[in-house]
Amino acid sequence: MERRGYDPLKTSEVLRNIVCIENRRRYYRFRGGRWYGGIATADCVGCNLRCVFCWGWQVRDKPRSVGRFYTPQEVSRNLLQIAERKGYTQVRISGNEPTLSWGHLLEVIGQIEAANLSFILETNGILIGSDKSYARDLSKFSNLHVRVSIKGTSPQEFHVLTGAVPEAFYFQLKALENLLDYNVTAHPAVMVSFTEPGNVERLKSMLADIDKTLVAEFEEEYVFLYPHVVKQLTKAGIRPRKAYAPDNIPEELV
Ligand code: SF4
């Protein structure tokens, strides 16, 4: 029988027991950076997807051994210290998937809100799309914007890029719908490096059916060809149609 891929909701359950202990989450790095015009970043460990182009796969695939556990207070303190030192007004959790440790994440966002800084939630949207209560929980924050990073432009492309069951693609779209239903500001960032011409327009049409602002704010995402990413793509026999060379990354993304 043909293998259709893993269920990212089941993967989430398994991973939660590895990268979260009570309200603590495993992280491997805290840093500043020029994304979004300057942002303090906490890089977490653990993801419910297995994207073939993932720049963080070396961390993602060792969730038991990379980094250490941090409380929400430790995370927000580190982020606020970086933001103050560098003059940033924004912070984020990146690296792997922030939503796995939900209570922990809500505490961090709340502490950042209390310090009057903005929080950008970068997520693959799987959990937020699977259950509306995630979006409801986020709606209480005034300092939040959600960037839903969509893997490919169709269920089949999603399956090829992530190895997950194709239908999980729709959780990402549902995440945007759930967030907008609860008046949480959000936009789609779509990995289009591997996309056939024409598929982007089809996806935009699906997004327009949810809300036309999602088309206006559509962000195209391209893979960065770091050597460890190229290694994974070669192993999977997948070639991007368009990508950034590491020495040609736009200045604002460094
Ligand atoms: S969702 Fe992000 S962190 Fe997770 S595997 Fe894909 S690219 Fe990596």
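Trainee: In β8, which residue is the bridge partner of V146?
Mentor: The bridge partner of V146 in β8 is A186. Strands here are DSSP runs of E with at least two residues, and helices are runs of H or I with at least four residues, numbered from the N terminus.

Trainee: Parallel or antiparallel for β7 and β8?
Mentor: Strand β7 (residues 144–150) and strand β8 (residues 186–191) pair in the parallel sense, over five bridges. Two strands pair if DSSP finds at least two bridges between them.

Trainee: Before we go on, what kind of model is this?
Mentor: This is a predicted model: local features need pLDDT of at least 70, side-chain atom pairs count only at pLDDT 80 or more, and totals for chains, interfaces and linings use all residues. Residues are numbered from 1 along each chain as its sequence is written.

Trainee: Back to the strands: how many bridges between β8 and β9?
Mentor: Three, and β8 and strand β9 (residues 219–221) pair in the parallel sense. A189 stands opposite E219 in β9.

Trainee: And what does β2 pair with?
Mentor: Among its partners is strand β1 (residues 20–21), which runs antiparallel to β2 and is joined to it by two bridges. C20 has R25 in β2 as its bridge partner. β2 is also joined to strand β4 (residues 68–70) by three bridges, again antiparallel, and there R25 has Y70 as its bridge partner. Four bridges join β2 to β3, also antiparallel, with Y27 opposite C44 in β3.

Trainee: Which residue takes a positive phi in the hairpin of β1 and β2?
Mentor: E22 does, near 50 degrees, and that hairpin has two residues between the strands.

Trainee: What's phi at Y36?
Mentor: Near 55 degrees, a positive value in a residue other than glycine. Y36 is found in the loop between β2 (24–31) and β3 (40–44). Y36 is partly exposed, with 19 other C-beta atoms within 10 Å. By definition, 20 or more would be buried, 12 or fewer exposed, and partly exposed is in between, with C-beta atoms placed from the backbone.

Trainee: And N183, buried or exposed?
Mentor: N183 counts as exposed, because 10 C-beta neighbours lie inside 10 Å. N183 sits in the loop between α8 (169–181) and β8, with a positive phi near 60 degrees.

Trainee: Switching topic, what surrounds the ligand?
Mentor: The residues around the ligand include C47, C51, C54, R60 and E97. Near means a C-beta atom, placed from the backbone, within 6 Å.
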